[in-house]
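This report describes side-chain contacts of charged and aromatic residues. The structure under discussion is shown first.

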Amino acid sequence: MATAYAGASVAAVLGARLPSSSPSRLPYLPPRHLFSVSSSPLSTSQFSESRRSSSLRVRATEETSGSVQVEDLFSDLKEKWDGLENKSTVIVYGGGAIVAVWLSSIVVGAVNSVPLLPKILELVGLGYSGWFVYRYLLFKQSRKELASDIEALKKKVAGTGD
């Protein structure tokens, strides 16, 4: 009885490491050859020549233009940061944005784990996209209306509206 229990516990512990002999396991397949079999067989010289070309190595050259752009980016950011009056507000908004992205990632993961909900939401999105195309993009008059609505919204957000 004790040996059966010990054998079962050893099998449970080592079971993940030992190869499984279940019928669902795929058979071993040899690696694919580089060339397919064609009507004209390859000679050994062609094969060795193609093997030599496959071991060709490419080396990248060093360019300093990327590092110059990065330095310019950092200097511009430093100038803008020094020009800010209310740095604490920027830090709070930036932290809030990071927290919002993190929370939305959690919510999307939770919604995605519900079995039918992602497919239903895809259908809702497709339906809304179809309606939007029909309502605003299909006809010339409705495209003009959409453009004027967007311009009005731009003016309202920028504060240049009447």
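With which residue does R135 form a salt bridge, and how far apart are the closest N and O atoms? R135 is paired with E145, and the closest N and O atoms of the two are 3.1 Å apart.

## Basis of the description

The model is a predicted one, in which local features need pLDDT of at least 70 and side-chain atom pairs count only at pLDDT 80 or more, whereas totals for chains, interfaces and linings use all residues. Residues are numbered from 1 along each chain as its sequence is written, and side-chain values use heavy atoms, with hydrogens and water left out.

Helices are DSSP runs of H or I with at least four residues, numbered from the N terminus.

## Salt bridges within a helix

In total, the structure holds 4 salt bridges; the term denotes a side-chain nitrogen of Lys or Arg within 4 Å of a carboxyl oxygen of Asp or Glu. One of them joins E122 to K119, with 4.0 Å between the closest N and O atoms. Both residues lie in helix α5 (residues 117–137), 3 residues apart, about one turn of the helix. K119 counts as exposed because its relative accessibility is 53%, while E122, at 46%, counts as partly exposed.

Another salt bridge is formed by K154 and E151, whose closest N and O atoms are 3.4 Å apart. Because these two residues are 3 residues apart in helix α6, about one helical turn separates them. K154 is partly exposed at 49% relative accessibility, and E151 is partly exposed at 38%.

A pair of aromatic rings is described by the distance of the centres and the angle of the planes. Rings of Phe, Tyr and Trp (its six-membered ring) pair if their centres lie within 6.5 Å; planes under 30 degrees apart are stacked, those over 60 are edge-to-face, and the rest are tilted. By this rule the count comes to 4 aromatic pairs. Among them, Y128 and W131 have ring centres 5.6 Å apart and planes at 35 degrees, so this pair is tilted. The two residues lie 3 residues apart in helix α5, about one turn of the helix. Y128 is exposed at 52% relative accessibility, whereas W131 is partly exposed at 42%.

F132 and Y136 form a tilted aromatic pair as well, 5.1 Å centre to centre and with 45 degrees between the planes. These residues are 4 residues apart in helix α5, about one turn of the helix. F132 is partly exposed at 28% relative accessibility, and Y136, at 16%, counts as buried. Y128, W131, F132 and Y136 form one aromatic cluster.

## Charge and ring

Conventions
Buried < 20%, exposed > 50% of the residue type's maximum accessible area, 1.4 Å probe, protein only.
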